[in-house]
Amino acid sequence: MLALRAALGRCLAGTAGGGAACSPFIQAARCYARPVRRKRKEIPSHLDDLPPTMLKKDYANVPIINSVDDVVKRLLSLEMASQKEKVKIKTQQLVEKVRRSPNDNGSFEVQVAMLTAKIRTYEEHLQRHPKDKNNRRRMLMDMDRRKKLLAYLRRVRYDTFENTCKQLNIQYSLPPPYTRRVTKRWVVKKAFCLKVFQEARKLKAAERLKQRREWQARAAKEKQAQSEGTAV
């Protein structure tokens with residue numbers, strides 16, 4: 001260790017004074033702690049199918065938009081748009097697929113489409129930032145709301161439910177049957193209740209046997225009386 005420190009000192013002194021360069025061993029020893037840069041994985045987005053030449057939502061229906069310069073059109077297109085503006089256009093596209101009429105803005109299908117766009121945006125965000133618990137909680141809340149709306153549509157209007165799932169590419173899975181969460185307290189309580197039930201049955205066994213014998217004796221007497229009456 002002391003020899004390595006001395007070699008490093010001589011190397012630094014030589015480079016500072018314009019001397020010879022350090023040996024490869026010293027250079028490797030000096031640069032061993034460099035951080036490794038990891039390449040980020042390309043995460044597929046649900047906004048990739050939006051063409052970059054499409055205009056923003058606020059400028060799509062402006063009458064003079066066709067007479068402006070190409071530079072202005074590029075500034076007003078999705079190429080220069082933010083994530084929020086792209087999500088607005090994607091939400092509008094999903095709503096157009098399932099809405100009942102042009103003025104439909106609040107039906108169950110439209111609500112499912114809007115929640116689907118939000119959920120997919122949250123999923124994409126959480127793939128990049130998996131420790132964001134606040135947005136994960138919001139995503140789970142939206143998923144519960146969408147699940148309730150789909151369950152209602154499935155129960156009331158099954159054809160609309162099928163069309164909504166097909167247009168929005170939603171894979172609906174049936175809710176599982178009721179299952180209680182198994183805890184230690186519940187297991188102990190169940191075992192105690194079973195033990196009490198078995199002890200109660202043992203205590204009542206003698207009384208039940210006595211009642212059964214009385215019923216059998218009564219039935220035998222009635223049968224004997226009927227036989228004597230028929231003989232007379």
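The chain has eight helices and zero strands. Helices (H or I, at least four residues) and strands (E, at least two) are DSSP runs, numbered from the N terminus. From the N terminus on, the order of elements reads α-α-α-α-α-α-α-α. This is a predicted model: local features need pLDDT of at least 70, side-chain atom pairs count only at pLDDT 80 or more, and totals for chains, interfaces and linings use all residues. Residues are numbered from 1 along each chain as its sequence is written, and side-chain values use heavy atoms, with hydrogens and water left out.

Of the 232 residues of the chain, 22% count as buried. Buried means under 20% relative accessible area, exposed over 50%, and partly exposed in between (1.4 Å probe, protein chains only).

**Salt bridges**

- The whole structure holds four salt bridges. The criterion is a side-chain nitrogen of Lys or Arg within 4 Å of a carboxyl oxygen of Asp or Glu.
- In general, side chains of opposite charge can pair when their charged atoms come close.
- One of the bridges joins glutamate 96 and arginine 99, with the closest N and O atoms 2.7 Å apart. Glutamate 96 counts as partly exposed because its relative accessibility is 45%. Arginine 99 has 19%, so it counts as buried.
- Lysine 118 and aspartate 142 meet through their side chains in another salt bridge, at 3.7 Å from N to O. Lysine 118 lies in helix 5 (residues 108-128) and aspartate 142 in helix 6 (residues 133-156), so this pair ties together parts that are 24 residues apart in sequence.
- Glutamate 124 is buried, with a relative accessible area of 8%. Arginine 128 is partly exposed at 47% relative accessibility.

**Aromatic pairs**

- A search of the whole structure finds three aromatic pairs. Rings of Phe, Tyr and Trp (its six-membered ring) pair if their centres lie within 6.5 Å; planes under 30 degrees apart count as stacked, over 60 as edge-to-face and the rest as tilted.
- Among these pairs is tyrosine 158 with phenylalanine 161, which is tilted: 5.7 Å centre to centre, with 45° between the planes. The two residues are three apart in helix 7 (residues 158-168), so about one helical turn separates them.
- Tyrosine 158 is partly exposed at 41% relative accessibility. Phenylalanine 161 is buried, with a relative accessible area of 5%.
- Phenylalanine 161 also pairs with tyrosine 172, edge-to-face: 5.1 Å centre to centre, with 85° between the planes. Phenylalanine 161 lies in helix 7 and tyrosine 172 in the loop between helix 7 and helix 8, so the pair ties together parts that are eleven residues apart in sequence.
- Tyrosine 172 counts as partly exposed because its relative accessibility is 23%.
- Tyr158, Phe161 and Tyr172 form one aromatic cluster.

**Surface patches**

- Patches are made of residues with over 30% relative accessible area and no salt bridge: like charges are joined within 9 Å, and nonpolar side chains (Val, Leu, Ile, Met, Phe, Trp, Tyr) within 5 Å. Accessible areas come from the Shrake-Rupley method with a 1.4 Å probe; for residues, only the protein chains shown count as cover.
- Val71, Leu75 and Met80 make up a nonpolar surface patch, with about 280 Å² of accessible area together. Leucine 75 belongs to helix 3 (residues 70-75). At 48% relative accessibility, leucine 75 is partly exposed.
- A patch of positive charge on the surface gathers Arg201, Lys204, Arg208 and Arg212. Lys and Arg count as positive and Asp and Glu as negative; His and the chain ends are not counted. The place of a charge is taken as NZ of Lys, CZ of Arg, CG of Asp or CD of Glu.
- Arginine 212 is in helix 8 (residues 184-231). Arginine 212 is partly exposed, with a relative accessible area of 41%.

**Backbone**

- Asparagine 169 has a positive phi of about 60° although it is not a glycine. Most residues other than glycine have a negative phi.
- Asparagine 169 lies in the loop between helix 7 and helix 8. Its relative accessibility is 62%, so asparagine 169 counts as exposed.
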